Amino acid sequence: MRRMLRLHRIFVAQYMKNLMEYKVDFLTGAISFLLGQVIQIAFLGIIFSGIPNLVGWEFNEILFIYGFSLIPKGLDHLLFDNLWSVGYFIVRKGDFDKYLTRPINSLFYVICEKFCVDAFGELLIGLILMVYSMIQLKLTITWYMIPLFIVAVVFATLIYTAIKIATSAISFWTKASGHITHMFYMTNDFSKYPTTIYNKFVRTFITYIVPFAFTAFYPASYFLTGENPLFCIGGTVIASVVLFMISVFIWNKGIKAYESAGS
Amino acid sequence: MIYVNDLRKEFKKTIKEPGLKGSVKALFRPNNEIIKAVDGISFHVDKGEMLGFIGPNGAGKSTVIKMLTGILTPTSGTCEINGHIPQANRQKYVKEIGVVFGQRTQLWWDLALRETYSVLKEIYEVPDNEFKKRMAFLNEVLELDDFISSPVRTLSLGQRMRADIAASLLHNPKVLFLDEPTIGLDVVVKDNIRNAIQKINAEEGTTVILTTHDLADIEMLCNRIVMIDKGKKVFDGEISDLKHEFGQMRDLCFELNHTDDISKLHYVIDLKLKDDDIEVKNEGTAVSVRFNSDAVSVENMLSYTLSKVHVKDINLKDADIEEIIRRIYRQEVSIDEV
């Protein structure tokens, strides 16, 4: 584990040096990303200025859930973004060879090769939204909520990551699976709003099948209401652990089916 | 050291009709075909040996190398290297091998070359003093100093290949796999790389498995070759054996004074040869005769030719390894189970 952390630090440092090699690209990327986020928030404000509440949730509560959803999403984006490339081109082009000829876990190696600084935008805005809405709601924080928050965020992040691992591992059989990952990933948009606004099918889907509801609405609703901690936080932990185990299993099976590319 | 036993790898390939229509059709009703890329190959390599692995394009060389390096999982059969089964204990195993794929680089593209080595040092957990010694040695044999501070993307192909070979040797591997290490390089760099490989093999006792299309690599580096074609082993032995076994065919080339003179030559009848033993090709005044030197001596061949026709120029080509292999590839020579 210590070795992994050390390697991770080294890879991140390498990646940062890489970014600095192309300063213009890096700067424009950062600026455009921040701009995108600001526009998104402004848009949310416009929508909610017309709708005072949504199935019993008032504007600031929605804002809190929305802000919370950005934290695990941002963390996953920050740390595990390279999984996208696996499904889109690493496997198809045979570049996965490289990861298999190194004495480190291939999944770990792929993951820590990229460090997506763009994600700081999401994280920052997520935090701002949460703090702002908490002040507006005059939410009281008890001490045990802080470790619970950390647990919820860590495992919620793992849900994102596990879904990306499992879907990008499909490429070991199909050569490319970026669009499959994209399809599953996009359902996370559902999780930014209370699940009670959806019909039964969507609700079941995002709770039990692709459990994105556990990345935002369920844990966030616990922090808002203090109700149902077992389901809201415990459920997040269980969903993410089960999903993660399945995804690693698929990944390891996938490596055996990997066919490389002619050279 | 390396034992390969009845190794096989099959790929499933979807046969598509041409065009978009064919692609759409294949999507709904795939027509699959099993391709046997490697079809039952066995061989073994001793410690410190340098083995040349040759075969025409698409013969399955790279597939074998990829199975030996743990990248691909064999469909059946086994390979054991240094007591490891590559796929079973991959992480531990790859620590003992070095791999260079000539067509791909393992260096960090945008960073100074030096950075690649410092990352690899961490990945392979090479201790500081060991690393310094190793770098000094690699510097000496591969002359990296000139470009170690340049970003990898700015290196020439020759520099990059040297850098790649150094990268694969940083952790002092017991086995080095080189897949076309001299592809696309000029003569000087090729020589430089061959010398380096030879030196590393001599000084460290590193076992080397090398695939190449440049037979000069083989002649200079390897005592033994394994030749494969269509996924099957067609030859396994020393280069001198290959020459001995298939080298009896010689080429006599000459230029006639008069084009019509060709009709005066009747090798098969006059020298009492079998059709298989001789082949005559001519184009204008240039004639080339390939003959089996076991069936007719070089002397007889020459004196017969010169007694019949007048020639401007004549030369006799030695059996070179390239010619032999070319003929095996083209299946002009059949090889029974070796």
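Domain bounds here come from an automatic or database domain assignment. For chain B, that assignment gives domain 1 (39-243) and domain 2 (248-318). The C-alpha centres of domain 1 of chain B and domain 2 of chain B lie 44 Å apart.

This is a predicted model, in which local features need pLDDT of at least 70, side-chain atom pairs count only at pLDDT 80 or more, and totals for chains, interfaces and linings use all residues. Residues are numbered from 1 along each chain as its sequence is written, while chains are lettered from A and ligands numbered from 1 in the order in which they are written.

Start where the chains meet. Here 25 residues of chain B are in contact with 19 residues of chain A (contact: C-beta atoms, placed from the backbone, within 7 Å). On the side of chain B that touches chain A, α2 (61-68), α3 (90-94), β5 (97-101) and α4 each supply at least two residues. Helices (H or I, at least four residues) and strands (E, at least two) are DSSP runs, numbered from the N terminus. α4(B) gives the most to that side, with 4 residues. By class, the side of chain B that touches chain A has 11 nonpolar, 7 polar and 7 charged residues. Ala, Val, Leu, Ile, Met, Phe, Trp, Tyr, Cys and Pro count as nonpolar, Asp, Glu, Lys and Arg as charged, and the others, Gly among them, as polar.

Now take α4(B) itself, residues 113-123. Its buried residues are L113(B), E115(B), T116(B), Y117(B) and L120(B). Buried means 20 or more other C-beta atoms within 10 Å of the residue's own; exposed means 12 or fewer, and partly exposed lies in between, with C-beta atoms placed from the backbone. The cover over these residues includes α1 (2-21) of chain A, along with α5 (128-142) and α6 (157-169) of chain B. After α4(B) comes E125(B), with a positive phi near 50°.

Next, a helix pair in chain A. The axes of α8(A) (145-169) and α13(A) (229-257) come within 8 Å and cross at roughly 30°. Axes are lines fitted to C-alpha atoms, for helices over the stretch in contact, and angles run from 0 to 180 degrees between N-to-C directions. α8(A) and α13(A) are therefore roughly parallel to each other (angles under 35 degrees). The residues of their contact divide into 21 nonpolar, 4 polar and no charged.

Finally, D277(B) is found in the loop between α10 (267-270) and β11 (278-283) of chain B. D277(B) is partly exposed because 19 other C-beta atoms lie within 10 Å. D277(B) touches F291(B), N292(B) and A295(B), not counting residues up to four places away in sequence.

Definitions and conventions
Two residues are in contact if their C-beta atoms, placed from the backbone, lie within 7 Å. Angles under 35 degrees count as roughly parallel, over 145 as roughly antiparallel, 65 to 115 as roughly perpendicular and the rest as oblique.
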